[in-house]
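Hi everyone, thanks for making time for this.

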Amino acid sequence: MPTVYLCSEQIRVLTESMFKRLRKWVVTRFFGHSRQRARLVSKDGRCNIEFGNVEAQSRFIFFVDIWTTVLDLKWRYKMTIFITAFLGSWFFFGLLWYAVAYIHKDLPEFHPSANHTPCVENINGLTSAFLFSLETQVTIGYGFRCVTEQCATAIFLLIFQSILGVVVNSFMCGAILAKISRPKKRAKTITFSKNAVISKRGGKLCLLIRVANLRKSLLIGSHIYGKLLKTTVTPEGETIILDQININFVVDAGNENLFFISPLTIYHVIDHNSPFFHMAAETLIQQDFELVVFLDGTVESTSATCQVRTSYVPEEVLWGYRFAPIVSKTKEGKYRVDFHNFSKTVEVETPHCAMCLYNEKDARARMKRGYDNPNFILSEVNETDDTKM
């Protein structure tokens, strides 16, 4: 039986491959489910933050900015306010119309004379007063009940309810329309990859994220950037929680005015100025940070600006992987995007730290260059022929 000999390079490659698989299994087995990190931003972009001990005076500011407060309410609270505003105003003015009829003694229990002219025709009780209030505010005007010219109070009340009804209708209907057309819903059709990956791209070590637009309409003037949130300690000893560090993401054409018609792979170059420069494949899972990615743009159909965001914790950053291809060309000449591979990753050979990659490049560059040694002196030796013939 022939003996198989492995060279040291093959042994190193096999050892690194086995170590990567073992590390991935350990992370998935022991950290993937049991360890739950606190996140400021969830995967779908919601912020996990609460405000405590807010003064009562500060809370009153929310009622001053009532428009924004109503828009930010959840649908169940908004619909409750919508129904309450209309029913409440109808019933309130119904009571006023009933009071006018009661003061003017137009109700049947007062037994008005045959030549008595009421303020409002055919109001016989509280129910009929409520119906007249409803007809007045929503401008139905069935014609059965109407205001006469004999009562100035009724004319003033009719004008006041008509004006206030227009205000209520405009505010509540506008709030519902603005809630429906908010660009926040457009942001739901922008999706990010489940994981971020770190691998070589263009000879540089990069952190890559994939983002896709599920609609064919574009986001105009798109701009993408990131923030790295981590706890830092200043030289003065101050501990800053959620300290923000700028992370620049680019595509091959830059990070502004993206042609966002097909899925894009954005990347961050891990250089000497990157906070990921001193991290390694073995220590990445031990880091405590949260990478928040933002995408700003203008909706093409409504010209409203929207923002999409997501976040990645160390368990969701895969070192030594790249994204699988997603765009192909059919026989008919069309470009097809296969979202089955959108978050799929493929393992590739990657340096285990950025510092190692740059040190390797520097070593190769030094090998191609020659250096003069100023301390080296060439001494000329005179050769003498000591051989005598």
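The axes of helix α4 (residues 75–103) and helix α6 (residues 152–180) come within 11 Å of each other and cross at roughly 175 degrees. That makes α4 roughly antiparallel to α6, because angles under 35 degrees count as roughly parallel, over 145 as roughly antiparallel, 65 to 115 as roughly perpendicular and the rest as oblique. In the contact between α4 and α6 there are 21 nonpolar, 3 polar and 2 charged residues. For those classes, Ala, Val, Leu, Ile, Met, Phe, Trp, Tyr, Cys and Pro count as nonpolar, Asp, Glu, Lys and Arg as charged, and the others, Gly among them, as polar.

Some housekeeping before I go on. This is a predicted model, where local features need pLDDT of at least 70 and side-chain atom pairs count only at pLDDT 80 or more, while totals for chains, interfaces and linings use all residues. Residues are numbered from 1 along each chain as its sequence is written, and side-chain values use heavy atoms, with hydrogens and water left out. Helices (H or I, at least four residues) and strands (E, at least two) are DSSP runs numbered from the N terminus. Axes are lines fitted to C-alpha atoms, for helices over the stretch in contact, and angles run from 0 to 180 degrees between N-to-C directions.

Now bring in helix α5 (residues 126–137). Its axis and that of α4 come within 8 Å and cross at roughly 120 degrees. That makes α4 oblique to α5. The crossing is right-handed, meaning that the near helix is turned clockwise from the far one by less than a right angle. Among the α4 residues that meet α5 are Trp 90, Phe 91, Phe 93 and Trp 97, and the α5 side includes Phe 130, Phe 132 and Leu 134; contact here means heavy atoms within 4.5 Å. By class, the contact of α4 with α5 has 11 nonpolar, 4 polar and no charged residues.

And how do α5 and α6 cross? Their axes come within 9 Å, at roughly 60 degrees. That makes α5 oblique to α6. This crossing is right-handed too. Ser 133, Thr 136 and Gln 137 of α5 touch Leu 158, Gln 161, Ser 162, Gly 165 and Asn 169 of α6. The class count for the contact of α5 with α6 is 1 nonpolar, 7 polar and no charged.

Next, a couple of backbone points. Most residues other than glycine have a negative phi, and most peptide bonds are trans. Lys 105, though not a glycine, has a positive phi of about 55 degrees, and Lys 105 sits in the loop between α4 and α5. Leu 242 also has a positive phi, near 60 degrees, and belongs to strand β5 (residues 239–247).

Pro 275 is in the loop between β6 (264–269) and β7 (289–299). Leaving out residues up to four places away in sequence, Pro 275 touches Leu 228, Ile 245, Ile 247 and His 268.

Let me finish with the lining of the largest pocket. By class, that lining has 11 nonpolar, 5 polar and 11 charged residues. α7 (183–187), β1 (190–192) and β8 (305–312) each supply at least two of the lining residues. Which element gives the largest share? That is β8, with 5 residues.
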